[in-house]
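Hi,

Here is the structure I promised to pass on. Have a look at it first, and my notes on what turned up follow below.

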Amino acid sequence: MNAINKIEKFIFESDAWKLILVIALLTLFKTGIWYIPNLGASQAIAQNPFTNPFPDPNAHYLFWSWLGPFLAWLIGATGKWQFFAFHLFFSVAFTLLFIRVAFNTLSNDLARSSLVLFSVLPVSATAYFWVSSDSITLFLMLLALAFPRSLAFTFIAGLLLGMQHFEQGFFAAAGLLFAIAISHRQGYALKYSWKFCLLLLIGVIAGKFMLFGLFSHYSINVNSGRMHWLRGHLHLLLNLFFFHFHYIIWSVLGLGWLVALRFTDWGVKSVPFFLTLAGLCLLLPVSGDQTRVLAIITFPLVSAYWLFNQDFLKNLAKREISLLFTAWALMPWGWVQGGAPKWSAFPYDIAYVLHRLFGWFNVPADPALWPF
């Protein structure tokens, strides 16, 4: 176990920047950086966010993620590379904000444990594997979690979240409210109060109504969005889940399921977490991007009960964190879309750069789906 001892020493005794750098490099290698295949469609919205550019009613759901394209339009980031860089900025901001919150609110050792737990969860790299509107969604979620004492800020963050991705924001906030309310009745207080969760949820709903008002004011014709898409694809989604549910369920937390197993040691105090997690997992059969959706909507839940929960982090031995980190470093990227396992985009990143520099490799004219 000499190797594990050295890894443990590195995690908890090296300079913080060295640990962060190693995790970043491992994440890049394991995951790579690419963009969601429909990013070009969202870019079309950014050309003029006051007109629906989609004649296909099945694409209208993209228009409901209105905030990101509007902000890109506002700063002029409407070209292909500018639009990608705009969303990548939020991916990086999401990671840096997590690091800042962890090291500012937790002791040094607990912050390092939290960072390792965060890294092994698929949510930490989802916004890099698919640079997309999720980059903004996750940043807004974490922004709300970072400043729980400011109720006005919580409401504003919820409002923006509702304008960015109402469904993900709604289930994430509602799930957290449900869990926190049960914990409150048990007499166990976490960092986040039920008032914080309720205000966040109200903000998300208000953001949706804000979009209704905007679309009505500018006479933008748009259907129900994701509900319209779901009605036309429900049979396909149910089939995808039925035939691939083993890997789909595993991919929601990945190695985080080992953390969940450890969390059962809390006994009845862990019940609110697991009840909520089970409830949110009921969305898997009706989700097309299974890992992506569940990783995002469970992020506030795992943040409250694991990542920023000092009581839980204190009970994790350094050896446990070291073994988890080692297993994560050795395992390939586990992520599911459309019921099919995906792999690292990193080799495609290298091939694309070599293609642009030297003309090597045959890269499709539109490489959006190339790694997938």
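A contact here means heavy atoms within 4.5 Å. With that cut-off, 78% of the contacts in the chain with a separation of 6 or more are between residues 24 or more positions apart.

Some housekeeping: this is a predicted model, so local features need pLDDT of at least 70 and side-chain atom pairs count only at pLDDT 80 or more, while totals for chains, interfaces and linings use all residues. Numbering starts from 1 along each chain as its sequence is written, and side-chain values use heavy atoms, with hydrogens and water left out.

The chain has 18 helices and 2 strands (DSSP runs numbered from the N terminus: H or I of at least four residues for helices, E of at least two for strands). Its radius of gyration, taken over C-alpha atoms, is 20 Å, close to the 21 Å that the globule rule (2.2 Å times the number of residues to the power 0.38) gives for 372 residues, so the chain is as compact as a globular protein of that length. The C-alpha trace spans about 60 × 55 × 40 Å along its principal axes. Of the 372 residues, 53% are buried, meaning under 20% relative accessible area with a 1.4 Å probe, protein chains only.

Now the pockets. On a 1 Å grid over the protein atoms alone, a pocket is an open set of points where a 1.4 Å probe fits, with protein on both sides within 12 Å along at least five of seven lines; lining residues have an atom within 4 Å of a point. Volume is the space filled by probe spheres set on the points, which are joined across faces, edges and corners.

The largest pocket comes to about 930 Å³. It has 34 lining residues, with R226, W229, G288, R292 and V293 nearest its centre. Two or more lining residues come from each of α3 (39-47), α9 (151-186), α11 (226-253) and α14 (290-297), and α11 has the largest share, with 7.

The second largest pocket holds about 420 Å³. Among its 18 lining residues, W34, Y35, K80, W81 and F84 are closest to the centre. Here α3, α5 (80-105) and α18 (346-358) each give two or more residues.

S65 is buried, at 7% relative accessibility. Leaving out residues up to four places away in sequence, S65 touches S133, M163, Q164, H165 and R226. S65 and S133 are 68 residues apart in sequence but 7.3 Å apart C-alpha to C-alpha.

Cheers

How values were computed: Buried means under 20% relative accessible area, exposed over 50%, partly exposed in between (1.4 Å probe, protein chains only).
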